[in-house]
Amino acid sequence: MTDTAPPSLCDRAPHVPADRLVAEMVPPPRFDSVRFDTYIPDPNQPSQTEAVRILEGFAAGLGGAHAVGGGKRGFLGLGNAFGRAKAAKAPAGPRGVYLDGGYGVGKTHLLASLWHATPAEPSLKAFGTFVELTNLVGALGFQQTVQTLSGHRLLCIDEFELDDPGDTVLVSTLLGKLVDAGVALAATSNTLPGKLGEGRFAAVDFLREIQGLAAQFRPLRIDGEDYRHRGLPEAPAPFTDEEVRKAAYATEGASLDDFPSLLAHLAKVHPSRYGALTDGLKAVCLTDVQPVPDQSTALRLVVLADRLYDREVPVLASGLPFDRLFSEEMLNGGYRKKYFRAISRLTALARDAKGLVG
């Protein structure tokens, strides 16, 4: 135990310069060392083994000179051209691959493995979440983002979730420009491209935009159960406030916050800074976990959960179990995939934190 109070996330208001956003467009620490041969397919789900085979071919086909002009010359064709050398003339079909499947089937592992396997310098490959991509546009401006990414061999977009029509138009236009410049695309999501807008507002306009974007990708279905809980013990029950506080004081690099206060603080910090919010932390300790009061707060919590999971930061908590954070209405609504992903990831991080007590 130490008399020094643990740091509070609520005291942090990080500034993230644009060049850091660009430099950090690489697989997060949790996926630094993943490769196709470290992905363990479920033997009962042949689509997982097939996905590895196809993506290995995709990566191999991205070697050689950058496909300047995209649709005009030299781009890897998907479909029959997977695994072959770059075609002399680009096909008219999809120029990207879309990994579709439920949460916890290893899509991010496969996407990061694709990034690592692509034979190009790291500066010629970009990896980021959908939110991070929109944040990059906000920081650099649209034209500068196009110029920055157009020379890349590959752009990987994790958790391709379109949350408002403005982002739909923005990303659709951006990806169209990058495809024209010869950039290969790969993305993950929990739903097929043509289904992303279901259950969300402005559905008619939203789906119309999605359909145009969906044509850029070949969907690759990955079936299976959430690997984070496959064969593992149940997540530990929440601890007491006193246990969490003691663990926070006893753990070097741990933060300590009251959960409602943290939720209020997240509203004051742009989601693009949530990663920086966790800089240097070895654990996050939360007291008095309660149901999330509204959807805006819930979506911010999803982003924080993603950043903590990416950085492998254990989460020790008292109060409500993480599987009761979101209301039934939220879990049955248009953002249910995000909320289930957050529950899955927070549960895994709670399991990682169990050893901090005692």
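Trainee: Is Ser113 buried or exposed?

Mentor: Burial is read from relative accessible area, with under 20% counting as buried. Ser113 has a relative accessible area of 0%, so it is buried. Keep in mind that this is a predicted model.

Trainee: Where is Ser113 found?

Mentor: Ser113 is found in helix H3, which spans residues 107-117.

Trainee: Which residues is Ser113 in contact with, leaving aside its neighbours within four places in sequence?

Mentor: Val34, Arg35 and Phe36. Arg35 also takes part in a polar approach. The side chain of Ser113 reaches the backbone oxygen of Arg35 at 3.3 Å.

Trainee: How should I read confidence here? What pLDDT does the protein average?

Mentor: The average is 83. Of the residues, 80% score at least 70.

Trainee: Where does pLDDT stay under 50?

Mentor: Over residues 68-91. Where pLDDT is low, the predicted coordinates should not be read in detail. The model has 55 contacts beyond four places in sequence for residues 68-91. Read those with that caution.

Trainee: Let me try a helix. Which residues of helix H4 are buried?

Mentor: Start with the general idea. An α-helix has 3.6 residues a turn, so residues three or four places apart point the same way. Now the case. Helix H4 covers residues 130-140, and its buried residues are Phe130, Leu133, Thr134, Asn135, Leu136 and Val137.

Trainee: Which residue follows H4?

Mentor: Gly141. The phi of Gly141 is positive, near 90°.

Trainee: Which helix does Phe142 lie in?

Mentor: Phe142 lies in helix H5, residues 142-150. Its relative accessibility is 23%, so Phe142 counts as partly exposed. The cut-off for buried is under 20%.

Trainee: What does Phe142 touch, not counting residues up to four places away in sequence?

Mentor: Phe142 touches Val137, Leu170, Thr173, Leu174 and Lys177. Val137 is one of the buried residues of H4. Now take Thr173. Phe142 and Thr173 are 31 residues apart in sequence. In space, they are 9.6 Å apart, C-alpha to C-alpha.

Trainee: Now the rings. How many aromatic pairs does the structure hold?

Mentor: Five. One of them joins Phe160 and Phe217. To read a pair, check the distance between centres and the angle between planes. For Phe160 and Phe217, these are 6.0 Å and 70°. The pair is edge-to-face, because planes over 60 degrees apart count as such.

Trainee: Why does that pair tie together parts that are apart in sequence?

Mentor: Phe160 lies in the loop between strand S3 (154-158) and helix H6 (165-180), while Phe217 lies in strand S5 (residues 217-221), so the pair ties together parts that are 57 residues apart in sequence.

Trainee: Are Phe160 and Phe217 buried or exposed?

Mentor: Phe160 counts as buried, at 1% relative accessibility. Phe217 is buried too, with a relative accessible area of 4%.

Trainee: Which residues do ring pairs link into a cluster?

Mentor: Tyr98, Phe130, Phe160 and Phe217.

Trainee: What sits over the ring of Tyr309?

Mentor: The charged end of Arg30, 3.8 Å from the ring centre. There is also a lysine case. Lys125 lies over the face of Trp115, at 4.2 Å from the ring centre.

Trainee: Which residues other than glycine have a positive phi?

Mentor: Glu159 is one of them, with phi near 55°. Glu312 also has a positive phi, near 55°. Glu159 is found in the loop between S3 and H6. Glu159 counts as buried, at 7% relative accessibility. Glu312 lies in the loop between helix H11 (295-310) and strand S8 (315-319). At 43% relative accessibility, Glu312 counts as partly exposed.

Trainee: Last, the strands. In which sense do S6 and S7 pair?

Mentor: In a regular strand the side chains alternate between the two faces of the sheet. Here, S6 and strand S7 (residues 283-289) pair in the parallel sense, over five bridges. Asp258 has Thr287 as its bridge partner in S7.

Trainee: Why is strand S6 largely enclosed by the rest of the structure?

Mentor: S6 spans residues 254-258, and four of its five residues are buried, so the rest of the structure largely encloses it.

Trainee: How many bridges pair S7 and S8?

Mentor: Four, in the parallel sense. Cys285 has Leu316 as its bridge partner in S8. S8 is mostly covered, with four of its five residues buried.

How values were computed:
Residues are numbered from 1 along each chain as its sequence is written. Side-chain values use heavy atoms; hydrogens and water are left out. Helices (H or I, at least four residues) and strands (E, at least two) are DSSP runs, numbered from the N terminus. Buried means under 20% relative accessible area, exposed over 50%, partly exposed in between (1.4 Å probe, protein chains only). Contact means heavy atoms within 4.5 Å. Two strands pair if DSSP finds at least two bridges between them. Rings of Phe, Tyr and Trp (its six-membered ring) pair if their centres lie within 6.5 Å; planes under 30 degrees apart count as stacked, over 60 as edge-to-face and the rest as tilted. A charge sits over a ring if NZ of Lys or CZ of Arg is within 6 Å of the ring centre and within 35 degrees of the ring normal. pLDDT is the predictor's confidence in each residue, from 0 to 100. A polar contact is a pair of N or O atoms within 3.5 Å; within protein, one must be able to donate a hydrogen and the other to accept it, and residues adjacent in sequence count only if both atoms are side-chain atoms.
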